[in-house]
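Hi,

Here is the structure I promised to pass along. Have a look at it first, and then read on for my notes.

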Amino acid sequence: MSRSRDLENSFRLSENWALWLILIVAAVIRFYSGYELSLSNDELSALTRAEASSVHDLIVNGIYIDYHPAGVELFIYFWIKLFGHSAFLFRLPFILFGIGSVYLIYLLGKKWFSPFTGLLAAALFSVSEFSILYSVFARLYSPGLFFSLLTTLYWTDILFAKESEKKIHLKKWIGFILSMSICTYSLFFICICCSSWCERIVFSGQEEQNSISAFWFACPDFISS
């Protein structure tokens, strides 16, 4: 029994060290890229709209004509009011969302499959050129991904909670609702996913279904859209 516990503790320690290494690599790459890369045309466009004289002016002349949800543009408006127009500071919260997404991917992989799967998925995502680029850009992609993953994490906890845990759902429900609400103000297509998340919770009646079948349950809604 003692040997088994020692092996378990050793594995957990190795897992934690591996996770920290992945997060450090992800952070270094993203911070360096955010500092070195010049602002994209999309970011410059967002900055120009955020120069509006008031929130009303931003909504009328910046958000209505852009056809994107208002959340990110409003955030940028208040962010540059507080911290100025430095390119790195402008991108900083989006970089942090990108690093946070690496951690959430690890948690989801661990919950759905195994710790090794979570570490592998996080490691691949942390060095993917596509994920790095869109983690650096101060646009809706990075927060959209972060809050989508966070919503999925709460969704998983709610849907597949053990019988003994079902009475302490309040915090998870609050987290699920808040993160899903933020999602809808980040990306329009997330609204489709939101309907699928809620639909799966409402019609979940068979406890033997695993998380993979639950994930694919949402696919017809997404494809049909």
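Predicted model: local features only at pLDDT ≥ 70, side-chain atom pairs only at ≥ 80, totals over all residues.

The salt bridges come to 5, and three of them are described here.

Asp42 pairs with Arg139, with the closest N and O atoms 3.2 Å apart. Asp42 belongs to helix H2 and Arg139 to the loop between helix H7 (129–136) and H8, so the pair ties together parts 97 residues apart in sequence. Asp42 is partly exposed, at 34% relative accessibility, while Arg139 is buried at 3%.

Helix H2 also supplies Glu43, which meets Arg91 of helix H5 in a salt bridge of 2.8 Å, N to O. Arg91 is buried, with 0% relative accessibility, and Glu43 is buried with 0% as well. Arg91 also touches Ser40, a buried residue at 15% in the loop between helices H1 (2–36) and H2 (41–50). Ser40 touches Phe137 too.

Glu73 sits in helix H4 (residues 70–83) and Arg49 in helix H2, 24 residues apart. Glu73 is buried at 5%, and so is Arg49 at 14%.

Now to the helix pair. The axes of H5 (residues 87–112) and H8 (residues 141–159) come within 8 Å and cross at roughly 25°, which means that H5 is roughly parallel to H8. The crossing is left-handed. Residues making the contact include Phe94, Phe97 and Leu104 of H5 and Phe146, Leu149 and Trp155 of H8. By type, the contact residues divide into 15 nonpolar, 6 polar and 2 charged.

Best wishes

Methods
Residues numbered from 1 in each chain as written. Heavy atoms only, no water. Axes fitted to C-alpha atoms, helices over the stretch in contact; angles between N-to-C directions. Helix = DSSP H or I, 4+ residues; strand = E, 2+ residues; numbered from the N terminus. Parallel < 35°, antiparallel > 145°, perpendicular 65-115°, else oblique. Left-handed = near helix turned anticlockwise from the far one by under 90°. Contact = heavy atoms within 4.5 Å. Nonpolar A, V, L, I, M, F, W, Y, C, P; charged D, E, K, R; others polar. Buried < 20%, exposed > 50% of the residue type's maximum accessible area, 1.4 Å probe, protein only. Salt bridge = Lys/Arg side-chain N within 4 Å of Asp/Glu carboxyl O. Lists of a residue's contacts leave out its neighbours within four places in sequence.
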